[in-house]
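Subject: Model for your review

Hello,

Please find the model below, with notes on what was found in it. The notes follow the structure.

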Amino acid sequence: MSDLSGRPLRDTRPDRKLYTPRREHALLRKSAEQGLNVLVVGERGSGKTTLLRQLALDLREHEVPAVFVDGKLATDAYSFLELVRYQLGEAPNLLQTVRERYGRALQSRPNLGDATMLLDLIDSMRDPTGDQPRTVLLVDGVPSADEAHTLFGRLRDELWQLPFTWIVSSDERDRAALLRPPADAFFDRLIELAPLDKHEQLRLLRQRVTVHDDGAIEPLLEASDGNPRRLLALARDALEGGTVAANVITARAERERTASELGRPASMLLAELEARGAASSSDEELLRSLGWTRPRAVQVFSQLEKAGLVASETEKGPTGRPRKVYRPRNVMASR
């Protein structure tokens, strides 16, 4: 049975069977055991989420307290810290206490970024006894570059006092903010995820599907540029289309050319969709990344769909309301 989905692997033993350990895994584990804060930087689709989740499983199996936090779910510094509390098993009811304490002040602010409230929230996570074992927080992404700089820069000294070791992953676009003083001093080590070499790519594919001829898939390895998600997408197109790798590469080039003819916005959105696997016009992270409004995203998604470059389906959204989700079409099906 093959599994060429581009989903990140979870920190479970069944998903461990699909995991191909990469060279950075051992260095990250050693850093975590030494209590070093680490910033992990990589392009989209480079495997940051899978790496952190599998590291969390690895650490727990070796009796090192470790918690995975999806930092992209937060919208600001305050909701990020509340998310950390929740993942640590703390009752997420401090927000109500803060509302009662600060009353009208909250109503006049667009978010909960007030310094005093942030300090109160951090204080609630301290260990007054000093007996709490140090926990490794594996944080996958940050709310935004500015909020990340607030957390790890402006609040650096306060976070240092908590009983946590921080391993934080970030896209390349947020690197500058996370390494701008004073945030740069928070991280003891910077690890850049290198592209997978051909040997690592072959191992990844063999974990997911039967490979009969290494030479036949050589074009996929070259076209992926060592990006795991891109490699899986190429392999999926080839397998589902029942065609040779070279034809998939040609079809992908044609799709990129078609998107380019639609204009730069179409090319940008298609690239984002390739990196994410799927998205809707209401995805806040997508809109922030592109600097677009929702109506603009709806317009460009419609262009891509009419050109046969993406397919859509209706799914239930986070609030329970239906939303239209778009995915790149198999390049062989769109020819």
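Two strands are said to pair if DSSP finds at least two bridges between them; helices (H or I, at least four residues) and strands (E, at least two) are DSSP runs, numbered from the N terminus. This is a predicted model, in which local features need pLDDT of at least 70 and side-chain atom pairs count only at pLDDT 80 or more, while totals for chains, interfaces and linings use all residues. Residues are numbered from 1 along each chain as its sequence is written, and side-chain values use heavy atoms, with hydrogens and water left out.

Five-stranded sheet

By that criterion there is an open sheet of five strands with parallel pairing, in the order β2-β3-β4-β1-β5. β2 and β5 (189–192) are at the edges with a single partner strand each, so one side of each has no neighbour in the sheet. Neighbouring strands are turned by 15° against each other on average, direction ignored. Angles here run from 0 to 180 degrees between N-to-C directions, and axes are lines fitted to C-alpha atoms, for helices over the stretch in contact. β1 and β5 run parallel and are joined by four bridges; Val-41 stands opposite Glu-192 in β5.

Two helices lie across this sheet. Helix α2 (residues 23–33) lies across β1, β3, β4 and β5, at about 160° to β5. Helix α3 (residues 48–61) lies across β1, β2, β3 and β4, at about 165° to β3. Contact means heavy atoms within 4.5 Å.

Nonpolar cores

A nonpolar core is a set of buried Ala, Val, Leu, Ile, Met, Phe, Trp, Tyr and Cys residues joined through side-chain atoms within 4.5 Å. Buried means under 20% relative accessible area, exposed over 50%, and partly exposed in between (1.4 Å probe, protein chains only). The largest core has 32 residues, of which Phe-80, Leu-81, Phe-152, Leu-159, Trp-166 and Val-168 touch the most other members. Elements giving two or more residues to this core include β1 (38–41), β2 (66–69), α7 (115–123) and α8 (145–154). α4 gives the most, with six residues. Leaving out residues up to four places away in sequence, Phe-80 touches Gly-71, Ala-74, Val-139, Gly-141, Pro-143, Leu-151 and Trp-166. Another core, of 20 residues, lies apart from the largest one and has Leu-9, Leu-18, Leu-138 and Ile-167 among its members.

Helix α15 (residues 264–276) has 13 residues and reaches 18 Å from its first C-alpha to its last, close to the 18 Å expected at 1.5 Å a residue; the expected span is 1.5 Å times one less than the number of residues. Its buried residues are Ala-266, Leu-269, Leu-270, Glu-272, Leu-273 and Ala-275. Just after α15, Gly-277 takes a positive phi of about 90°.

Helix α14 (residues 245–262) packs with α15 at an angle of about 140°, with the axes 7 Å apart. The two are therefore oblique to each other (under 35 degrees counts as roughly parallel, over 145 as roughly antiparallel, 65 to 115 as roughly perpendicular and the rest as oblique).

α15 also lies across β6, β7 and β8, at about 95° to β8. These strands form an open sheet with antiparallel pairing, in the order β6-β8-β7. β6 pairs with β8 (residues 322–328) over two bridges, and Ser-280 stands opposite Val-325 in β8.

Ser-281 is in the loop between β6 (279–280) and α16 (284–290). At 9% relative accessibility, Ser-281 counts as buried.

Regards
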